[in-house]
Each structure stands twice: as C-alpha cells, then as structure tokens.
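Open the structure in your viewer and keep the selection tool ready. This tour goes from one stop to the next.

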Amino acid sequence: MIKLDNVSKSFTLHNQGSAVIPVMTGASLQVDPGECVGLIGASGAGKSTLMRLIYGNYLAASGQILINGVDVARAQPREILALRRDTLGYVSQFLRVVPRVPTLDVVADPLLVVGTPLEEARDKAATLLSKLNIPQRLWGLSPTTFSGGEQQRVNIARGFAHEYPALLLDEPTASLDARNRETVLELISGAKDRGAAIIGIFHDEAARAAVCDRFVDVSDFSPKAAA
Amino acid sequence: MTPLLSVRNIKKTYGARIGCTDVSFDLFPGEVMGIVGESGSGKSTLLNCLAGHLEADRGQVIFDTRADGPMDTLQMSEPERRMLGRTDWAFVHQHARDGLRMSVSAGGNIGERLMAVGDRHYGNIRERAIDWLGRVEIAENRVDDRPSAFSGGMQQRLQIARNLVTGPRLVFMDEPTGGLDVSVQARLLDLLRGLVREMGLSAIIVTHDLAVVRLLADRLMVMKDGHVVETGLTDQVLDDPQHAYTQLLVSSVLQV
C-alpha cells in the first residue's frame with residue numbers, strides 16, 4: 001500500500017547564504033494493508049519530515065514514494081489531491097480549519113468531499129465526537145477556541161471520519177488522558193482490522209506497543225549515518 | 001479529463017515593461033488555483049488577460065465551452081466573449097463598486113445577469129434574487145436597497161451573488177477579501193468555500209494574502225516581475241518553498 005524507495009530530502013535556504021541542509025537520504029520502507037509501522041528516532045531525526053514527504057507536503061529531492069500506485073514524489077498536484085481525498089489520511093499535530101465552521105462540519109468534511117450524503121456524514125461525525133468525549137454542546141462551535149487536547153481530538157475524529165486505506169498519524173495520543181488514549185488506540189486497531197496501512201509516530205511507549213506491528217528507526221536515514 | 005481552462009504562453013507588455021510573460025497552466029474542473037506575489041508582480045495583469053479585460057500580446061486561453069468544446073477565447077469575437085462573461089464565467093473585483101451597479105437595487109443587480117441570459121419573468125427573477133441574497137447572508141428586506149447603502153462586506157457578498165446567480169463554471173477573483181476587516185474576511189472565505197464545493201466551481205484567485213490561499217486554493221502559482229517562479233500544491237509551496245522569492249515571501253508573513 002505504501003512503499004518508499006531510496007527517498008532523500010534536503011532544504012536549500014536561499015535567503016540564508018544558500019545553505020543546503022541535507023535531512024534525509026536512502027529512506028526505504030514498505031507498509032502492507034492491515035499493518036501499523038511505528039517511526040522511531042530521537043527528536044529531530046526526521047520522523048515528521050518523512051511523514052510530510054509521504055503526504056506530499058514536502059517535495060522529495062529524489063527517490064520514489066508509491067501510495068496505491070501513485071508516486072507522490074512525481075505526481076501532479078491534482079493527482080495528490082485525489083489521493084488525499086480518497087486514499088491517504090493524515091492526522092497532524094495541529095488543527096487547521098476555516099474560522100467559523102462548526103466542529104461537527106469540520107469532522108464531517110472529509111466524508112462530504114467523497115460524496116457522502118450530508119445526514120450520513122453528520123451522523124458519523126457525531127458518533128466519532130461522542131466516542132472521543134467532545135461534549136455535544138461544543139459541536140455547533142468552531143474548534144478554533146477549543147483547548148489543545150480538544151482540538152487534537154477533533155483532529156483525530158476528522159482523520160478517522162472517512163475510512164482511508166492509508167493513514168499517517170503524527171503523535172495521535174500525545175497530550176490525551178488515559179481514557180481518550182484508549183479510544184484512539186481502539187480507532188487505530190479498528191482501522192487496521194479493516195485493512196488500512198498505517199504509519200505512526202508515538203512517543204508514548206505503551207501506545208506504541210499496543211498498536212505497532214514493527215518499527216522503523218528514522219535515524220538510519222539521516223545523512224550523517226550514511227556518511 | 002479535459003482541462004476546463006488551458007493557458008499557453010500568455011504575454012502582456014506595457015511598452016518596454018513586462019506585465020506578465022510565458023505563463024502556461026491547465027485548470028481542471030473543480031480546481032481552485034491561487035496566484036500570489038507582491039504588488040507589481042503581474043498577477044492582476046495576468047488575471048485580466050485571462051478574463052479578456054486586457055488584450056494579451058500573444059498566447060492562448062483555451063476554454064472548454066459547453067456547446068463547442070475547447071475554444072481559444074482570445075480568438076473569439078467580442079460578442080461571443082461577452083456572452084461567455086455573462087454565462088460560464090464570472091469575475092469578482094477587488095472593489096465591489098467595480099462589479100456592481102451602485103444606482104440599481106440589490107435585487108436589480110442580481111436580476112440583471114439573469115435577464116442578460118434571457119430570463120424575463122419578473123416574479124422568477126425576484127425570487128431567485130432573494131434566494132441568492134439569503135445564500136450570501138443578506139437579509140431579504142434589503143432587496144430593494146441600493147448597494148451604496150451597504151457596508152463594504154455586504155457589497156462584496158452582493159457582488160458574489162450577482163456573479164454566481166447564472167451558475168458559472170469558472171470564477172476569476174481579484175483580491176476578493178482585500179480591504180475587508182478580518183471577521184468579515186473569515187465569513188466571506190467560509191461562504192466562498194461552501195459555494196465552490198456545492199456548485200463544483202473552478203476558480204482562479206489572485207491575492208497577496210497567503211492565509212487566504214491556504215484556505216481556499218488547491219494549487220498555487222507564485223509570480224515575481226511578470227514571471228511564474230514556482231507552482232505546486234498549495235500546502236507544499238507554503239511549507240516547503242523551493243524558489244528564493246517564495247521562501248522570502250513565506251518567511252515574511254507576520255505571526256499573529
């Protein structure tokens with residue numbers, strides 16, 4: 001489902017003396033349907049960078065990033081948009097939404113763009129929000145004013161609304177209490193059971209052990225290690 | 001899939017100065033493309049060339065018309081192009097005054113576009129005008145007021161209603177949120193996003209506000225000195241800019 005082959009990435013800072021900062025080289029990994037792979041490595045090793053490369057948010061310098069047959073490193077913007085709409089979900093650490101849009105609609109949005117009828121999409125969004133313990137009185141409000149933990153749970157609900165065949169999870173359990181963490185882990189297990197290929201970053205060891213089938217150490221891809 | 005709009009090598013000069021040059025891109029149905037750049041980068045010149053408000057020196061603007069398939073709009077006769085401008089195309093100006101008739105009522109402003117495409121039944125026209133006022137969140141009882149009695153944000157929403165009432169497929173927008181205060185901007189952005197999705201519109205939005213394109217545009221084109229310096233997915237261009245100018249633009253945004 002997800003296959004990376006010899007991916008490298010460097011940043012060129014044109015306005016700071018054209019400094020070239022290599023951040024990743026020779027990254028290769030494969031994730032099959034129903035499998036959850038955990039990315040490990042110290043802070044700054046490039047875990048989030050690797051995820052952003054897979055999502056097409058960063059432009060890979062070389063190599064191949066195949067998701068369901070589409071090479072994200074070479075694809076046209078509209079191919080990547082179609083991939084993100086139908087196939088590839090991403091739960092980032094930050095929630096980015098249009099101001100004024102109610103939480104329920106923020107969560108239902110990924111369903112609406114794949115053509116789910118409004119009622120059905122809202123029902124599913126409501127189910128997820130209740131599961132994640134967002135009080136119903138907040139559903140009609142924009143999540144921009146929510147606390148950090150609430151925003152994160154809204155973000156997770158949004159990420160799990162549509163059943164993406166491939167999922168990228170950037171610290172989905174950080175800053176959640178035990179009960180909510182359990183719910184998130186259940187959602188992840190559920191996604192695995194329906195055959196989703198998942199790449200996750202978990203700092204919480206217990207969470208990591210609970211859902212990950214194997215681990216990839218991102219420090220192996222750091223340019224220094226290769227030199 | 002046939003692109004809705006294919007732009008090839010558009011060039012426009014003002015005497016010896018370059019307005020914009022070598023601009024080519026394809027826009028597909030349902031896509032929203034943002035064009036960003038500083039003042040004088042040629043983004044408005046380009047938009048006006050595409051929409052036929054300015055005559056390009058050379059190049060092609062091929063639009064996939066409903067009746068005859070892809071046609072170069074720059075080779076069309078003036079009446080043909082005007083017809084396109086009233087039906088499948090819409091243009092939202094930065095200043096609502098440029099896109100509205102200020103001495104005609106709000107309902108008249110919306111109705112005029114309907115009459116231009118052959119609608120003659122007064123009751124129907126008024127009914128649709130009121131429906132559209134509702135969609136852009138203007139109270140029904142303002143239908144007989146002139147836009148000069150409206151606030152800036154209301155005028156902008158009225159301009160959008162006037163443009164979208166005929167169900168266009170391609171909307172050109174020049175700084176649609178420029179000059180509005182942020183709370184009105186947010187409301188307008190939300191409205192535009194909803195309309196783009198509901199109606200399956202394609203749009204080209206010129207703006208210097210990077211936050212606006214992040215929310216509205218799928219794709220981004222960055223212009224400097226009349227040239228396109230970078231294109232790509234909106235979030236990729238903003239989060240991992242490749243060109244020196246884009247890096248400068250992105251790093252210059254003030255944090256709130």
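Select Glu31(B) and Arg219(B). Their side chains meet in a salt bridge, N to O 2.8 Å. The term stands for a side-chain nitrogen of Lys or Arg within 4 Å of a carboxyl oxygen of Asp or Glu. Now colour the chain by element. Glu31(B) sits in the loop between β2 (17–27) and β3 (32–36) of chain B, while Arg219(B) belongs to strand β9 (residues 219–224), 188 residues apart. Helices (H or I, at least four residues) and strands (E, at least two) are DSSP runs, numbered from the N terminus. Over all chains, the whole structure holds 27 salt bridges.

A word on the model. It is predicted: local features need pLDDT of at least 70, side-chain atom pairs count only at pLDDT 80 or more, and totals for chains, interfaces and linings use all residues. Residues are numbered from 1 along each chain as its sequence is written, chains are lettered from A and ligands numbered from 1 in the order in which they are written, and side-chain values use heavy atoms, leaving out hydrogens and water.

Next, show chain A beside chain B. Here 23 residues of chain B are in contact (heavy atoms within 4.5 Å) with 25 residues of chain A. The two chains bury about 2,100 Å² between them, 54% of it on carbon and sulfur atoms. Buried area is the accessible area (1.4 Å probe) that two parts lose on being put together, summed over both. Select Arg197(B), Leu233(B) and Asp240(B). They supply 24% of the area that chain B buries against chain A, more than any other three residues.

Which residue of chain A forms a salt bridge with Arg197(B)? Select Asp109(A): the closest N and O atoms are 2.5 Å apart. Now highlight α7(B). This helix gives 5 residues, the largest share of the side of chain B that touches chain A.

Last stop: the second largest pocket. About 960 Å³ of space lies in it. A pocket is an open set of points on a 1 Å grid over the protein atoms alone, where a 1.4 Å probe fits, with protein on both sides within 12 Å along at least five of seven lines; lining residues have an atom within 4 Å of a point. Grid points are joined across faces, edges and corners, and the volume is the space filled by probe spheres set on the points. Select Asp209(B), Leu210(B), Ala211(B), Val253(B) and Leu254(B). Of the 24 lining residues, these are the closest to the centre. Then select α8(B), which gives the most to the lining, 5 residues.
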